[in-house]
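Subject: Structure handover

Hello,

Please find the structure below. My notes on what was found in it follow.

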Amino acid sequence: MKHPPTVYPVLWYRDAPSAMAWLKEAFGFEEMVVIPGENGTIVHAEMSFGEGVIMLGSARLESGWASPLDLPAVCQSIYMVVPDPDAHYERAKAAGAEITIGLETTDYGSRQYSAKDPEGHHWHFGTYQPSAQ
């Protein structure tokens, strides 16, 4: 990575090991760090995508950390810049991602699509790159 990220989304999954495998297959994430917990759980994990990094772990309701499967709604989503949204879309679709918005080209010039992972986290992938200015 040229520059370390300064924002790290953190996601909680009921089945974090399966989620990590799925994120690799469907979206192209790479595993960086995995700290296993008891009974097949994950205490902490880090996965990279390009210059971005997410952290994730096994949901712990007693700590207030839940999967979207445990909630009545989702209050966040993640947008990721990809160089070839069409190829990324096909990869995600082949891996069984639930496509929530099909491939489209927006009025502001982004080629993009949206999907949910198996536990209901919302993901958006496209060419639009927000300005950091």
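Ala87 is partly exposed, with a relative accessible area of 43%; on this scale buried means under 20%, exposed over 50%, and partly exposed in between, using a 1.4 Å probe and protein chains only. Ala87 sits in helix α2. From Ala87 to Trp22 the separation is 65 residues in sequence and 17 Å in space, C-alpha to C-alpha.

The model is predicted: local features need pLDDT of at least 70, side-chain atom pairs count only at pLDDT 80 or more, and totals for chains, interfaces and linings use all residues. Residues are numbered from 1 along each chain as its sequence is written, and side-chain values use heavy atoms, with hydrogens and water left out.

Sheet with β5 to β8

An open sheet of 4 strands has the order β5-β8-β7-β6, with mixed pairing. Strands (E, at least two residues) and helices (H or I, at least four) are DSSP runs numbered from the N terminus, and two strands pair if DSSP finds at least two bridges between them. β5 (77–81) and β6 (98–105) are at the edges with a single partner strand each, so one side of each has no neighbour in the sheet. Neighbouring strands are turned by 15 degrees against each other on average, direction ignored. Axes here are lines fitted to C-alpha atoms, for helices over the stretch in contact, and angles run from 0 to 180 degrees between N-to-C directions.

β7 (residues 111–116) and β8 (residues 122–126) run antiparallel and are joined by 5 bridges. Ser114 stands opposite His124 in β8, and Tyr113 stands opposite Phe125 in β8. The two strands form a hairpin with 5 residues between them, and Gly120 in the turn has a positive phi of about 100 degrees. β5 and β8 run parallel, also with 5 bridges; Ile78 has Trp123 in β8 as its bridge partner.

β2 runs antiparallel to β3 (residues 42–49), joined by 6 bridges, and Ile35 stands opposite His44 in β3.

Salt bridges

The structure holds 4 salt bridges, each being a side-chain nitrogen of Lys or Arg within 4 Å of a carboxyl oxygen of Asp or Glu. Among them is Glu31 with Lys24, whose closest N and O atoms are 3.2 Å apart. Glu31 is partly exposed at 44%, as is Lys24 at 33%.

Asp86 and Arg111 also meet in a salt bridge (2.9 Å, N to O). That pair links distant parts of the chain, with Asp86 in helix α2 and Arg111 in strand β7, 25 residues apart. Asp86 is partly exposed at 32% relative accessible area, and Arg111 is partly exposed at 26%.

Lys116 and Glu98 form a salt bridge at 3.9 Å, N to O. Lys116 in strand β7 and Glu98 in strand β6 are 18 residues apart.

Regards
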